[in-house]
Amino acid sequence: MSALLDVIHLKKSFGGLAVTNDVSLSLAPGDRVALIGPNGAGKTTFVNLVTGNLKPDQGRVLIGGEDVSAMKPAERVKRGLIRSFQVTRLFQDMTPEEHVAMAVLQRDGRSGRMFGHYAGKRQVMEEVGSILDLLGLSALAHLKVREIAYGQQRLLEIAVAMALRPKVLLLDEPAAGVPHSETTRIEKALDMLPAELAVLMIDHDMDLVFRFAKRVVVLAAGTVIFDGSPQAVTADQRVREAYLGSYGHAGSAA
Ligand SMILES: Nc1ncnc2c1ncn2[C@@H]1O[C@H](COP(=O)(O)OP(=O)(O)OP(=O)(O)O)[C@@H](O)[C@H]1O
């Protein structure tokens, strides 16, 4: 099957430091890939290069075969490359329903219509309802973000991303900061993502990585040092050394 995302020979340096050093990566429909690596390996920089928030020194990014290297982030979003919103970008005084509605309207190029009455509003609200339902947030639809638990706010980030109808979803530490008792809900939400979607998740929680990913990519010092199955990653000597080097003790992954 042809790739939804192709990253080709991407390079980025800050000062003299090569933070992304010739990284190539492809995602196909249905992929569930975890991007891991020691602190400072270049994971966030890589995501910023893919989304267009950072400009690479060299290399190209293709979405569904189309070269988007010269496009701004918003144009890449329109083509289905979605990065999950961060909690810090949610509006504390808005409700989950309003957030998801805003994303649906933005997707359809109808931003600014949400508080008025217009043809199609019922259809929009039905879609909003089904997304909130999928993420188990229906009961909280009308509460303000500041009134709901942190784990539920993180679920709302995923709901907002889903409303944008991604083809490729980049999830940046979806369970970070969530109490252990609530991470199961995040895992369930990840399980319910549309099968054909390609997902790249950055996370430090190896339990989550192993439950979620069918493929693991390891970055170390800006270079992909492993791209393969979760079963093989723990046994890989280069991966072990990369983590040993950064943490100074064996067995710590991400
Ligand atoms: N805008 C910038 N200017 C200069 N150096 C930067 C910039 N952004 C990142 N770096 C450096 O690039 C390296 C990689 O950072 P990056 O945040 O991409 O790593 P990471 O793998 O996401 O780390 P972590 O797991 O800690 O979030 C680090 O050494 C960082 O200090």
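**Domains, helices and ligand shell**

In this predicted model, 8 residues of domain 1 are in contact with 7 residues of domain 2. On the domain 1 side, the touching residues comprise 6 nonpolar and 2 polar ones, with no charged residues.

Let me turn to the helix pair. Two packed helices are described by the angle between their axes and the distance between the axes. Here the pair is α5, residues 150–163, and α6, residues 180–191. Their axes come within 9 Å and cross at roughly 10°. Angles under 35 degrees count as roughly parallel, and α5 and α6 are therefore roughly parallel to each other.

Which residues bring α5 and α6 together? From α5 come Gly-151, Arg-154, Leu-155 and Ile-158, and they meet Glu-182, Arg-185, Ile-186 and Ala-189 of α6. By class, this contact of α5 with α6 holds 4 nonpolar, 1 polar and 3 charged residues.

Next, the ligand. The residues around the ligand include Phe-14 and Val-19, together with Gly-37 and the run Asn-39, Gly-40, Ala-41, Gly-42, Lys-43, Thr-44 and Thr-45. Helix α1, residues 43–51, supplies the largest share of this shell, namely 3 residues. Sorted by class, the shell around the ligand contains 6 polar, 3 nonpolar and 1 charged residues.

Finally, the chain as a whole. The protein chain has 9 helices and 10 strands. Along the principal axes, its C-alpha atoms fill a box of roughly 60 × 40 × 35 Å. A compact globule of 254 residues would have a radius of gyration near 18 Å, and the 19 Å of the protein chain agrees with that.

Conventions
Residues numbered from 1 in each chain as written. Predicted model: local features only at pLDDT ≥ 70, side-chain atom pairs only at ≥ 80, totals over all residues. Contact = placed C-beta atoms within 7 Å. Nonpolar A, V, L, I, M, F, W, Y, C, P; charged D, E, K, R; others polar. Axes fitted to C-alpha atoms, helices over the stretch in contact; angles between N-to-C directions. Helix = DSSP H or I, 4+ residues; strand = E, 2+ residues; numbered from the N terminus. Parallel < 35°, antiparallel > 145°, perpendicular 65-115°, else oblique. Near = placed C-beta within 6 Å. Rg over C-alpha atoms; globule rule 2.2 N^0.38 Å.
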